[in-house]
Amino acid sequence: MRWLVLYARSRQVPATLAAAVTGALAVWALARDGAVAPGDPRPAALVLTIAAAAVSTGLGGQDLALDRTAAIRWWTRRTAHVLIAGTAACALLLGLRAMGDDLAATEVVVRDAAGLMGLAALGAAVCGAAYAWTLPVGWLALSSFSPPLTGVPMEVVTWMLQPPGTAASTWTALTITAAGTAAYAVTGPRR
């Protein structure tokens with residue numbers, strides 16, 4: 001076997017893909033036929049959060065000591081893992097457009113996927129891979145149930161539900177992506 005196949009299997013990539021696709025199809029089915037107001041960003045944010053939660057469990061290997069002592073450059077693989085997972089989450093949500101429903105603008109999908117994958121990576125570095133899902137899910141819950149206030153602080157808190165072109169939400173997502181990916185790439189998952 002090649003190293004890429006072994007890496008994918010050790011990081012539960014097939015199960016991750018199955019969970020993400022199943023979650024996306026379930027949200028898509030529930031959001032169809034006028035059940036959700038047009039332009040509501042919550043179904044798209046939920047699909048991307050499900051994908052980030054599914055990916056987060058694979059951000060740690062089966063043996064953390066082996067990962068830390070291996071004679072390979074883990075930081076490049078960890079960075080690539082987060083970036084490829086974010087790209088796959090974007091492709092999953094944008095692929096639902098082929099089924100006839102546009103859940104969100106492309107800019108929002110890319111921004112939210114990047115930010116949520118950064119949160120998952122930060123969760124792996126801080127909480128460990130088993131609990132890395134708590135940061136994306138918790139931030140979605142916070143965003144969904146925040147009072148409808150305006151201003152830059154609320155745009156930062158509710159960044160994943162903001163419309164395209166909102167500077168505060170874009171910068172928040174970019175900051176989370178950079179910080180989370182860097183923390184995970186350098187330190188790896190917490191034991």
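**Figure 1. Arg-111 and Asp-112 in the predicted model.** Arg-111 and Asp-112 are both buried, buried meaning under 20% relative accessible area, exposed over 50% and partly exposed in between (1.4 Å probe, protein chains only). The model is predicted, so local features need pLDDT of at least 70 and side-chain atom pairs count only at pLDDT 80 or more, while totals for chains, interfaces and linings use all residues. Residues are numbered from 1 along each chain as its sequence is written, and side-chain values use heavy atoms, with hydrogens and water left out. Arg-111 makes a salt bridge with Asp-112, with 3.0 Å between the closest N and O atoms. A salt bridge is a side-chain nitrogen of Lys or Arg within 4 Å of a carboxyl oxygen of Asp or Glu. The count by this rule is 1 salt bridge. Side chains of opposite charge can pair when their charged atoms come close. Asp-112 belongs to helix 6 and has a relative accessible area of 1%, which is why Asp-112 counts as buried. Leaving out residues up to four places away in sequence, Asp-112 touches Leu-48, Trp-159 and Met-160; contact means heavy atoms within 4.5 Å.

Figure 2. Helices (H or I, at least four residues) and strands (E, at least two) are DSSP runs, numbered from the N terminus. The chain has 9 helices and 0 strands. Helix 6 has 22 residues and spans 31 Å from its first C-alpha to its last, close to the expected 32 Å. The expected span is 1.5 Å times one less than the number of residues in the helix. Gly-128 follows helix 6 and has a positive phi, near 95°.

**Figure 3. The largest nonpolar core.** The largest nonpolar core holds 39 residues, and those with the most contacts inside it are Leu-59, Leu-93, Leu-116, Met-117, Trp-159 and Met-160. Helix 6 gives the largest share of this core, 9 residues. A nonpolar core is a set of buried Ala, Val, Leu, Ile, Met, Phe, Trp, Tyr and Cys residues joined through side-chain atoms within 4.5 Å. In soluble globular proteins, nonpolar side chains tend to be buried together. Not counting residues up to four places away in sequence, Leu-59 touches several residues, including His-81, Val-82, Tyr-184 and Pro-189.

**Figure 4. A nonpolar patch on the surface.** Val-21, Leu-25 and Met-99 form this patch, with about 240 Å² of accessible area together. Patches are made of residues with over 30% relative accessible area and no salt bridge; like charges are joined within 9 Å, and nonpolar side chains (Val, Leu, Ile, Met, Phe, Trp, Tyr) within 5 Å. Accessible areas come from the Shrake-Rupley method with a 1.4 Å probe, and for residues only the protein chains shown count as cover. Met-99 sits in the loop between helix 5 (74-95) and helix 6 (106-127). Met-99 counts as partly exposed because its relative accessible area is 44%.

Figure 5. Tyr-131 is in the loop between helix 6 and helix 7 (134-145) and counts as exposed because its relative accessibility is 53%. Tyr-131 and Ala-53 are 78 residues apart in sequence, with 9.2 Å from C-alpha to C-alpha. Thr-166 is in the loop between helix 8 (152-157) and helix 9. Thr-166 counts as buried because its relative accessibility is 10%. Thr-166 lies 11 residues from Glu-155 along the chain, and their C-alpha atoms are separated by 7.9 Å.
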